[in-house]
Amino acid sequence: LLDEPTNHLDMPTIEWLEGYLKNYPKAVVIVSHDRMFLDRVIDVTYEIEYHRIRRYPGNYTAFLRQKEEALAKQEKDYEAQQAEIKRLTDWIEKWKNTPTKVAATRSKRKVIEHMVLIEKPRKFDTKAFQGQFLPQTASYHDVLSVRGLQIGYDSVLSKVSFELHRMERIAVIGENGKGKSTLLKTLVGELPKLGGQFSFGTGVEWGYFDQQAAVAESQNPKMTIMEDFWEEYPTLKEVEVRSALGSFLFSGDDVYKELGQLSGGEKVRLALCKMFKRRPNLLILDEPTAGLDPKERIRFRNVISSLAADKIVILATHIVTDIAYVAKTVVLMNDGRIIKTGTQEELCSDISDKVWEITAQSDKVMDYMNRMRVSNAVSDGNKYTLRIVSDEYPENGAVSVPPTLEDVCIYYFGDM
């Protein structure tokens, strides 16, 4: 029984866990927000929604397709049934007082009474983070200069150099313990540098988010969301506090919820809300979506994407889809050094001849998983479409396909 097993794992460790679970001979039950992990590991999905549980064969992608198809069919069937009920009801109203139509009227009433009513499909939750999130001041062109910066705790873990300019967004990915979070903590002063230099440009006001700190147990678990936010911004009026919290989906009586009762996702939203209220022009984000559910994760990505030129972002994450939505430049870190830097398009172009698709029967999938680097697997009944990352043509029938950022990560980190 695994509850969010990938939340604090880097990509190599996640891949190891995937391989272990694929070869595990017993049953496995997983609760996870990591769509890519689920796609590679599971073959049945159960969804709990509106106090009901439904079973969908296949992985997460197959579940989404089946759910969309089921909702479309339910919508169509519901509308058809409602139209038929209206037709019968109109006929009854027209002829109910006609003596020669009494039997027919009674018959049509019974047809309506014996119908198994189709429930009207419920719409998806469309609530989104709101607000402008405009920076208080604009930075100059040069935002951050890092030259030979040595980071670590007791010894040097990494030596890093890069430049960050206005309108840029950088994602740092790599193994856990190899410097991603340590780099961010050094930049914001939580850790001392061990050598080298870094400097922020004129007008830069940074905001720092640390996912582990956000979900840690509160020192005041009895304090409410509103009290916690108000304590940080004591000059605000109640309407301003409620407006800020409402922007991150804390509305109505939600603001009176005690900190000790919050889920990981709610704690993350509260920490992000407090950070955005400072209106920084540089966001330094360490695993900002690790504790969010899929809907919350999409909402947060939309917020970051909508910032356009208003803010600069440095993001450390192991969730590839976050990188695809948030960052323009990607930095790959391995063994304490930067091994590759480029835009998503440049990194994908570098492996344009190394990604393939293969169709395999379900009983052959495990063999492929054990022999090759598989970046994705999509179920379609008894067959799977596998994405293979390989320097060489994997086998007859393989078709070359355009790479994705996930393929890039598998290519550089998959064998570690």
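Which helix holds the place of Tyr20? Tyr20 sits in helix 1 (residues 11-23). The model is predicted: local features need pLDDT of at least 70, side-chain atom pairs count only at pLDDT 80 or more, and totals for chains, interfaces and linings use all residues. Residues are numbered from 1 along each chain as its sequence is written, and side-chain values use heavy atoms, leaving out hydrogens and water.

**Overall make-up**

- The protein has 14 helices and 17 strands. Both are DSSP runs numbered from the N terminus: helices are H or I with at least four residues, strands are E with at least two.
- Of its 416 residues, 46% count as buried. Buried means under 20% relative accessible area, exposed over 50%, and partly exposed in between (1.4 Å probe, protein chains only).
- Among contacts between residues at least 6 apart in sequence, 66% join residues at least 24 apart. A contact means heavy atoms within 4.5 Å.
- The protein exposes about 22000 Å², and carbon and sulfur atoms supply 51% of that area. Areas come from the Shrake-Rupley method with a 1.4 Å probe; for residues, only the protein chains shown count as cover.

**Surface patch at Tyr20**

- Trp16, Tyr20, Tyr24 and Val28 make a nonpolar surface patch of about 430 Å². Patch residues have over 30% relative accessible area and no salt bridge; like charges are joined within 9 Å, nonpolar side chains (Val, Leu, Ile, Met, Phe, Trp, Tyr) within 5 Å. A salt bridge is a side-chain nitrogen of Lys or Arg within 4 Å of a carboxyl oxygen of Asp or Glu.
- Tyr20 itself is partly exposed, with a relative accessible area of 45%.

**Strand pairs**

- Strand 9 (residues 206-210) and strand 10 (residues 282-286) pair in the parallel sense over five bridges. Pairing requires at least two DSSP bridges between two strands.
- Trp206 has Leu282 of strand 10 as its bridge partner.
- Four of the five residues of strand 9 are buried.
- Strand 3 (residues 44-49) pairs with strand 4 (residues 52-57) in the antiparallel sense, over six bridges. Val44 stands opposite Pro57.
- Two residues lie between the strands of this hairpin, where Tyr50 takes a positive phi near 50 degrees.

- Four strands form an open antiparallel sheet in the order 15-16-14-17. Strand 15 (373-380) and strand 17 (399-400) are the edges, each pairing on one side only.
- Strand 14 (residues 355-361) and strand 16 (residues 383-389) run antiparallel, joined by seven bridges. Glu357 has Arg387 as its bridge partner in strand 16.
- Helix 14 (residues 405-413) packs on the sheet, touching strand 14, strand 15 and strand 16. Its direction makes about 135 degrees with that of strand 15. Axes are lines fitted to C-alpha atoms, for helices over the stretch in contact; angles run from 0 to 180 degrees between N-to-C directions.
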